[in-house]
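Hi there,

Here is the structure I promised to pass on.

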Amino acid sequence: MGKKEVKTNAMRMLDGQKIAYEYETYECDEFADGIQVADMLGLEHRLVYKTLVTVGKSGSYYVFVIPIEEEIDFKKAARAVGEKSLSMLPLKELTKVTGYVRGGCTSVGMKKAYPTVIDSSAKELPYLYVSGGRLGMQLRLSPEDLRKAAGAEYADVTV
């Protein structure tokens, strides 16, 4: 019997919404940043996005999907979600809040649907890569499909 394909929560959510995607897997036992992942898979850096989880001054959580070579601009990001200020979610709280581990966190299929913003640079791309919901997996889909699946908005949120 063949090895069963392992579906992540993100993949199940995309399947449920009938959203087309492809996925790639790679050997990964521990956290690798997006640039390392892109290099391992031979992907153009501009096509690979990372998922950041933040907490607002109000205590609410917000998700930002930005290019791997960029940094989040906390002032722009806070404005985009109507917060006074934002900070990164402490790493020790990531799995509890999202259901995902560092390096496997993606904006689709989190424990709860948090307000999500995709950097507006994604709108120009034919497709992008984001984490597939576990270490060692990347999903490839159109920015618009990611926006729909994550219930996201576009905004300029990078430095």
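Predicted model: local features only at pLDDT ≥ 70, side-chain atom pairs only at ≥ 80, totals over all residues.

Residues are numbered from 1 along each chain as its sequence is written, and side-chain values use heavy atoms, with hydrogens and water left out.

The sheet is open and antiparallel, with 3 strands in the order β1-β7-β6. Strands are DSSP runs of E of at least two residues, and helices are runs of H or I of at least four, numbered from the N terminus; two strands pair if DSSP finds at least two bridges between them. Strand β7 (residues 137-141) is joined to β6 by 4 bridges, and Ser-131 faces Gln-138 of β7.

Helix α1 (residues 9-16) packs on this sheet and touches β1 and β7, contact being heavy atoms within 4.5 Å.

The largest nonpolar core has 41 residues; Leu-14, Leu-128, Val-130, Leu-139, Leu-141 and Leu-146 touch the most other members. Such a core is a set of buried Ala, Val, Leu, Ile, Met, Phe, Trp, Tyr and Cys residues joined through side-chain atoms within 4.5 Å, where buried means under 20% relative accessible area (1.4 Å probe, protein chains only). A second, separate core of 12 residues includes Phe-64 and Val-157.

Best wishes

Note on methods. Axes fitted to C-alpha atoms, helices over the stretch in contact; angles between N-to-C directions. Buried < 20%, exposed > 50% of the residue type's maximum accessible area, 1.4 Å probe, protein only.
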